[in-house]
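Here is a short briefing for a reader who is meeting this structure for the first time. Please look over the sequence and the model before going on to the notes.

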Amino acid sequence: MQKYYVYILYSLSLNKYYTGYTSDIDTRLQKHNAGATRSTKSGRPWVLLYQECFESKTEAIIREKEIKRKKSRKYIEQLANKS
């Protein structure tokens with residue numbers, strides 16, 4: 001069964017976070033760092049800061065939206081510090 005992940009990346013150059021979901025974190029991180037993703041191209045290099053695993057794509061999407069909806073840097077940093 002395929003797993004899905006919600007992940008948070010950090011860009012030191014921009015001092016910003018990026019939240020997304022994927023079924024393959026390693027490949028996704030490589031794409032972000034290769035500049036293949038328009039929204040993260042300017043922040044390279046990105047570092048994987050946090051991840052959560054889910055059984056379904058739907059669960060991962062719901063969690064990603066929940067994190068993004070908070071629009072809180074403090075919340076993201078608390079998640080990262082717990083891991």
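Asp24 caps the N-terminal end of helix 1, with a side-chain oxygen 3.4 Å from the backbone nitrogen of Asp26; helices here are DSSP runs of H or I with at least four residues, strands are E runs of at least two, and both are numbered from the N terminus. The model is predicted, so local features need pLDDT of at least 70 and side-chain atom pairs pLDDT 80 or more, while totals for chains, interfaces and linings use all residues. Residues are numbered from 1 along each chain as its sequence is written, and side-chain values use heavy atoms, leaving out hydrogens and water.

**His32**
- His32 lies in helix 1, which covers residues 25-34, and is buried at a relative accessible area of 0% (buried is under 20%, exposed over 50%, partly exposed in between, with a 1.4 Å probe and protein chains only).
- Beyond its neighbours within four places in sequence, His32 is in contact (heavy atoms within 4.5 Å) with residues including Tyr7, Tyr18 and Trp46.

**Backbone features**
- Most residues other than glycine have a negative phi, and most peptide bonds are trans.
- Asn15, which is not a glycine, has a positive phi of about 55°; this residue sits in the loop between strand 1 (4-11) and strand 2 (16-22) and is partly exposed at 39%.
- Lys71 has a positive phi near 45°, lies in the loop between helix 2 (57-70) and helix 3 (73-82), and is exposed at 76% relative accessibility.
- A cis peptide bond, with omega about 0°, joins Arg44 and Pro45.

Terms used: A polar contact is a pair of N or O atoms within 3.5 Å; within protein, one must be able to donate a hydrogen and the other to accept it, and residues adjacent in sequence count only if both atoms are side-chain atoms.
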